[in-house]
Amino acid sequence: MAERVQVQGLGGAVPGIQPTIQRAGQYSVQVQQAGRNKLMDLADALGQVNPVLQQYTRVADIEAEQFEEELAGKSPEEVQAMLKKTEGELDKQVRRGGMGWLTSPLNQKRKLKAVGQASSRLLMEQVYGRLESPQAGDEDLSTSDIIAQVQQDFVGNSEALNTSTFAQEGLQEAVNPQILPLVRQYDAQKNRIAKAENGVSTVSGFYDLIDNLKGTPEGLTAGDIASGRYTAEFNKIWDNTNAHTPAEQRVLFKQILFNLADQGHEDEAQELRVWAEDNKLKFGNASMSELERDQYDDFIDDTAEQAGSNREKKKDKAIEEINAEAMQALRDIRNPNKRYGEFQGITNITTERQLDEAVEALRLGSVDEDEIVLGNVEKEQLIKGFYSDKARAPDPVKEARDRSLVQIRRDSIDTFFDPTSTAYIGNSIANSLAASYPNSADVIESNPEVIQEAYSDLVLQLGDEAERLATESPDYDIEKITISLRPIARKLFKQKQQDMKQSFREAAETDAEKTKILNTATQSAEDEKVIEDTIWDQLKFWKDDLTTTVKVKNYTSVLSNKEIKELKERKKALRLLKDVDFDGFMSKAFGRMPMEMIKKAGGGEYETITVPRFASVKEQLEMKNTYKAAAVHLGLYTDLEILVDKTLPAGLPFNPKALDPRFIPILTKEEIDKGVGDETVKEKARLIGKENELLDFYNQQKELQKQYSGKKYAYPSL
């Protein structure tokens, strides 16, 4: 819209005004000077002679100032609304008295300039916003160009401004004092940013080149940098600093050394310092001085030392954070209201075993925490620390289990297993077994491990039950868990009591059988029934007038008696023992065949006659024990199948655990020669109840074999 200023009778006396925008924020207003005419001369004359006209001018000035103050008090929204109005609409407001304004052409010009000045606040807000948040392409424009573009868009979007050169003139006058300092400020800031970016590019260029060279297959060997091998590459990067001052260049070089030393490239930093000195690296026009050289060397050492310390601190912190994460997962798992945890990206960990496995997995995986890589040593430290903290951490399940278990043991268990207590379980078991086993008290006393093992097993089972109850408990209530555990404890105790009784019955029977075997097998040759005055001539068992039972006893006595040193007598006794018909002998022992009797015939001779009489219970027991004793010297207990079947060839059952390896051959010479690790040796030790004393068992048998293999105690069956 063309500029309109209502002036009556002045014709071409009103000057034309054209605003212009120059580069770098320099603004001016070109004013076309109006020519003089008679009316103007008349006005001047009237102004000199008519005081009324002077008064009119003063009133106009006052009202113009009032209008400017009115505009200054308006909000940015109100000013923005005014700028949307055309000049004609503003004139209407004046004519209608909405602005309380005189119709002087001068005042109209002032009015329009005031509107432009008021809009300067909105323009500057847009300018600041654009400079703070640049648009695409602004990096290629100067600050002046950006401001001019913002102002052009601002004027173009406002009807009150784009239709009035006077409004634009007022706007320009208001913003000129602000724009020029703003241009200088932002241009200086851009220069600083550009310099900083160039410096960063230089520093990273040196670091990346050296770091990448270390990562190549051929590698960066010691001395490559100092030798000048990469001089061309280094000089090309350093040329980017030519726009910097010498002081800034020194700062950049120091930053390069810092980055290398700080990231573990201390040797490369030292070589680069040597290269810079040898190749006369320029800081401006000056090369590195000796003082600077020494300062750089110290700086590299200090930086590397501090970096190493910082890396250790970061690793310690990383370990601490991972451990804290694991402990939080542990607390979540133990929390009855949650029951699951998360660790290192693994979700829904519901058991402590799963958490342990997740922590253990760190041994094999790569552990990165905030760009810190943990090595094997740090990972072991982390895992060890977790288990240590876990052991000290309060576990509500274990605490509830332990407290309830302690309560049950104090009330119902420990008293029965206390040897000093009148309620000691050993006493009650001995009393209950006394009728069948008169020596039951001695058996219990000589086998304390039975009660000890039963107690340990009972406590373990109760602990498992207490843990189960605690795990299922919603609130870990100790009293409720203890109440639920008490009937379980009573049931388990009764079971253990029966198990202990059975163990002691077996022990009593084993001891009795062991005694019978050993007593019979080691019967002394001093026995008056066997030996009287001499060894052979007076031995009754060489005559035919003795029963088989007496003969077998005599044979075993000769083999067992260490006083008989002649090897031939032992061999003879063994041969005679092997000639015994043990099948018939054991048929009598089982009451299946009648007994033979010795009767003295005429002439002082004895004869053997058979009468239809079977052996008594006592005689049968004696015969069976005699057979078991003979089996020792016959080597029957060295047969693995016999030990497995627990039955001697004549059909007599026996308890392998009653065999004492100190006196009874169980291993053959060939098995002893194979050593303690032989599978048959281990199996025989298990069968006689010595699997937990394997070495003792082997050594006892080896010593026994030495006795039997000598001239004095030869035992041919081995």
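Biologist: What should I know about the model before we start?
Modeller: It is predicted, so local features need pLDDT of at least 70 and side-chain atom pairs count only at pLDDT 80 or more, while totals for chains, interfaces and linings use all residues. Residues are numbered from 1 along each chain as its sequence is written, and side-chain values use heavy atoms, with hydrogens and water left out.

Biologist: Is Lys379 buried or exposed, and what is the nearest side chain of opposite charge?
Modeller: Lys379 is buried (under 20% relative accessible area, with a 1.4 Å probe and protein chains only), and the nearest side chain of opposite charge, Glu380, is 8.0 Å away. Lys379 has no salt bridge, a term for a side-chain nitrogen of Lys or Arg within 4 Å of a carboxyl oxygen of Asp or Glu.

Biologist: Then what does the side chain of Lys379 reach?
Modeller: The side chain of Lys379 reaches the backbone oxygen of Leu362 at 3.5 Å.

Biologist: Changing topic, where does Thr245 sit?
Modeller: Thr245 lies in the loop between helix 10 (231-238) and helix 11 (246-262), where helices are DSSP runs (H or I, at least four residues) numbered from the N terminus.

Biologist: And why does Thr245 count as partly exposed?
Modeller: Thr245 counts as partly exposed because its relative accessibility is 34%, and that class lies between buried, under 20%, and exposed, over 50%.

Biologist: How far apart are Thr245 and Phe283?
Modeller: Thr245 and Phe283 are 38 residues apart in sequence and 7.9 Å apart in space, taken from C-alpha to C-alpha.

Technical notes:
Lys, Arg positive; Asp, Glu negative; His and termini not counted. Polar contact = N/O pair within 3.5 Å; in protein donor to acceptor, adjacent residues only side chain to side chain. Helix = DSSP H or I, 4+ residues; strand = E, 2+ residues; numbered from the N terminus.
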